[in-house]
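Subject: Structure handover

Hello,

Please find the structure below. My notes on what was found in it follow.

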Amino acid sequence: MGMVAMTYKINPDADVEDVNADAIAASVQALSDDIYNVQSVEVKPLAFGLKFVQIHVVMNDGEGLADALEAKISEISGVGEIEFSRWDFFDPLALVPPAPD
């Protein structure tokens, strides 16, 4: 089984006043475990003073794992729409420099 790197855009819930994007970011970062390696979490401007959270996660390419992650994220207070932005296969061996001659 391979690894995949996925990027998500997490929008605030439009029906909740004063959504704290930093609190959402901290909660998402806390989801990192042996299944989901949350590598980066960024709070970015959206519009009219609103912010969204962009995350980059590496996980096994297993059936249902992305859906399970999205379900966990959607349980966080203040989370509205979760947009899947990008995915790519992740090869951890590509990060290892070649052995010297």
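The protein chain has 2 helices and 4 strands, where helices (H or I, at least four residues) and strands (E, at least two) are DSSP runs, numbered from the N terminus. Read from the N terminus, the order of elements is β-α-β-β-α-β. This is a predicted model, in which local features need pLDDT of at least 70 and side-chain atom pairs count only at pLDDT 80 or more, while totals for chains, interfaces and linings use all residues. Residues are numbered from 1 along each chain as its sequence is written, and side-chain values use heavy atoms, with hydrogens and water left out.

Burial

Of the 101 residues in the protein chain, 27% count as buried. Buried means under 20% relative accessible area, exposed means over 50%, and partly exposed is in between (1.4 Å probe, protein chains only). Strand E1 is mostly covered, with 8 of its 10 residues buried.

Helix H1 spans residues 21-29, and its residues Ala21, Ile24, Ala25 and Val28 are buried. These four lie on the same side of H1, because they cover an arc of only 100° around the axis; the arc is that of the directions from the helix axis to the C-beta atoms. At the start of H1, a side-chain oxygen of Asn20 comes to within 2.9 Å of the backbone nitrogen of Asp22.

Strand pairing

Two strands pair if DSSP finds at least two bridges between them. E3 (residues 51-60) pairs with E2 in the antiparallel sense over 9 bridges. E3 also pairs with E1 in the antiparallel sense, over 8 bridges. Ile55 in E3 is the bridge partner of Val41 and also the bridge partner of Tyr8.

The hairpin of E2 and E3 has 5 residues between the strands. Phe48 is found in this loop and has a positive phi of about 50° although it is not a glycine. At 88% relative accessibility, Phe48 counts as exposed. Asp18 is another non-glycine residue with a positive phi, here of about 55°. Asp18 is placed in the loop between E1 and H1 and counts as exposed at 77% relative accessibility.

Side-chain contacts

What did a search of the whole structure for aromatic pairs find? There is 1 such pair. The ring centres of Tyr8 and Phe84 are 5.7 Å apart and their planes are at 65°, so the pair is edge-to-face. The rule is that rings of Phe, Tyr and Trp (its six-membered ring) pair if their centres lie within 6.5 Å; planes under 30 degrees apart count as stacked, over 60 as edge-to-face and the rest as tilted. Tyr8 lies in strand E1 (residues 3-12) and Phe84 in strand E4 (residues 79-90), so the pair ties together parts that are 76 residues apart in sequence. Tyr8 is buried, with a relative accessible area of 0%, whereas Phe84 counts as partly exposed at 39% relative accessibility.

Thr7 also lies in strand E1 and is buried, with a relative accessible area of 13%. The side chains of Thr7 and His56 are joined by a polar contact of 3.2 Å. A polar contact is a pair of N or O atoms within 3.5 Å; within protein, one must be able to donate a hydrogen and the other to accept it, and residues adjacent in sequence count only if both atoms are side-chain atoms.

Lys9 has its charged end over the ring of Phe52, 4.7 Å from the ring centre. A charge sits over a ring if NZ of Lys or CZ of Arg is within 6 Å of the ring centre and within 35 degrees of the ring normal.

The count of salt bridges comes to 1, a salt bridge being a side-chain nitrogen of Lys or Arg within 4 Å of a carboxyl oxygen of Asp or Glu. Asp33 forms a salt bridge with Lys72, and their closest N and O atoms are 4.0 Å apart. Asp33 lies in the loop between H1 and strand E2 (36-45) and Lys72 in helix H2 (residues 65-74), so the pair ties together parts that are 39 residues apart in sequence. Asp33 is partly exposed, with a relative accessible area of 34%, and Lys72 counts as partly exposed at 33%.

One further pair

Asp61 is placed in the loop between E3 and H2 and is partly exposed, with a relative accessible area of 41%. Asp61 and Met3 are 58 residues apart in sequence and 5.1 Å apart in space, C-alpha to C-alpha.

Regards
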